[in-house]
Amino acid sequence: MQTCEIEGLDKARYNAMKWLTISYVFFYCPIMANYLMNFLEVDKFYQVYVNTPILFTGVILFQIFVIRLALVLRKISSDLELKQTLNDEYFTANQSKSFRFAFVVFIIIMGIAIILTSIFPKIPAAFICYLIFFIVSMTALVSWLICNRENK
């Protein structure tokens, strides 16, 4: 297996994950903003003319980068030697480390959410759930990107 092909696929996987993370923010933040705007009773103009274009852009970008990541992962998994080289113990350890960190953040965020909902009982439960899911998933993605950023 050529070293430049392995490095190229590793960089392609990293870049696809990086852009997937960025597009995830554009996809998910308008959804949470809509819940918050409904709670705060903000004018519908902002929801329709500000959030909707950002949401549609985020959905399209997210789909593009999910497909791009799927193509890279398909190419990696098609060759057994390439799969073993790119999914080595270091990669698996970094992946495990990011999931462990996200789990710790999940426990902390759940504690904060319980305290916030007891102080402010009128906050919509759906908004709290979306916020927890967003923070934990972004934590896992960003910590994976930080762990795997060398030589990128």
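In which sense, left-handed or right-handed, does H1 pass H5? H1 passes H5 in a left-handed crossing; a crossing is left-handed if the near helix is turned anticlockwise from the far one by less than a right angle, and right-handed if clockwise. This is a predicted model, in which local features need pLDDT of at least 70 and side-chain atom pairs count only at pLDDT 80 or more, while totals for chains, interfaces and linings use all residues. Residues are numbered from 1 along each chain as its sequence is written, and side-chain values use heavy atoms, with hydrogens and water left out.

**Helix packing**

- Helices (H or I, at least four residues) are DSSP runs numbered from the N terminus.
- The axes of H1 and H5 come within 10 Å and cross at roughly 165°; axes are lines fitted to C-alpha atoms over the stretch in contact, and angles run from 0 to 180 degrees between N-to-C directions.
- H1 and H5 are therefore roughly antiparallel to each other, a term for angles over 145 degrees.
- The contact of H1 with H5 has 21 nonpolar, 2 polar and 2 charged residues; Ala, Val, Leu, Ile, Met, Phe, Trp, Tyr, Cys and Pro count as nonpolar, Asp, Glu, Lys and Arg as charged, and the others, Gly among them, as polar.
- H4 packs against H5 at an angle of about 155°, with their axes 8 Å apart, and H4 and H5 are therefore roughly antiparallel.
- The crossing of H4 and H5 is right-handed, and their contact has 17 nonpolar, 6 polar and 1 charged residues.
- For H1 and H2 the packing angle is about 155° and the axes are 8 Å apart; H1 and H2 are therefore roughly antiparallel.
- H1 passes H2 in a left-handed crossing, and the contact of H1 with H2 has 25 nonpolar, 6 polar and 4 charged residues.

**Aromatic pairs**

- The count comes to 12 aromatic pairs, where rings of Phe, Tyr and Trp (its six-membered ring) pair if their centres lie within 6.5 Å.
- Tyrosine 28 and tyrosine 130 form an edge-to-face pair, 5.8 Å centre to centre with 65° between the planes; edge-to-face means planes over 60 degrees apart.
- This pair links distant parts of the chain, since tyrosine 28 lies in helix H1 and tyrosine 130 in helix H5, 102 residues apart.

**The second largest pocket**

- About 210 Å³ of space lies in the second largest pocket; on a 1 Å grid over the protein atoms alone, a pocket is an open set of points where a 1.4 Å probe fits, with protein on both sides within 12 Å along at least five of seven lines.
- Its lining residues, those with an atom within 4 Å of a point, include Arg13, Met17, Phe91 and Trp144.
- Helices H1 (3-40), H2 (44-78), H4 (89-119) and H5 (125-147) each supply at least two residues of this lining, and the largest share, 4 residues, comes from H4.
- By class, the lining has 8 nonpolar, 2 polar and 1 charged residues.

Technical notes:
Points joined across faces, edges and corners; volume = space filled by probe spheres on them. Parallel < 35°, antiparallel > 145°, perpendicular 65-115°, else oblique. Phe/Tyr/Trp six-rings, centres within 6.5 Å; stacked < 30°, edge-to-face > 60°.
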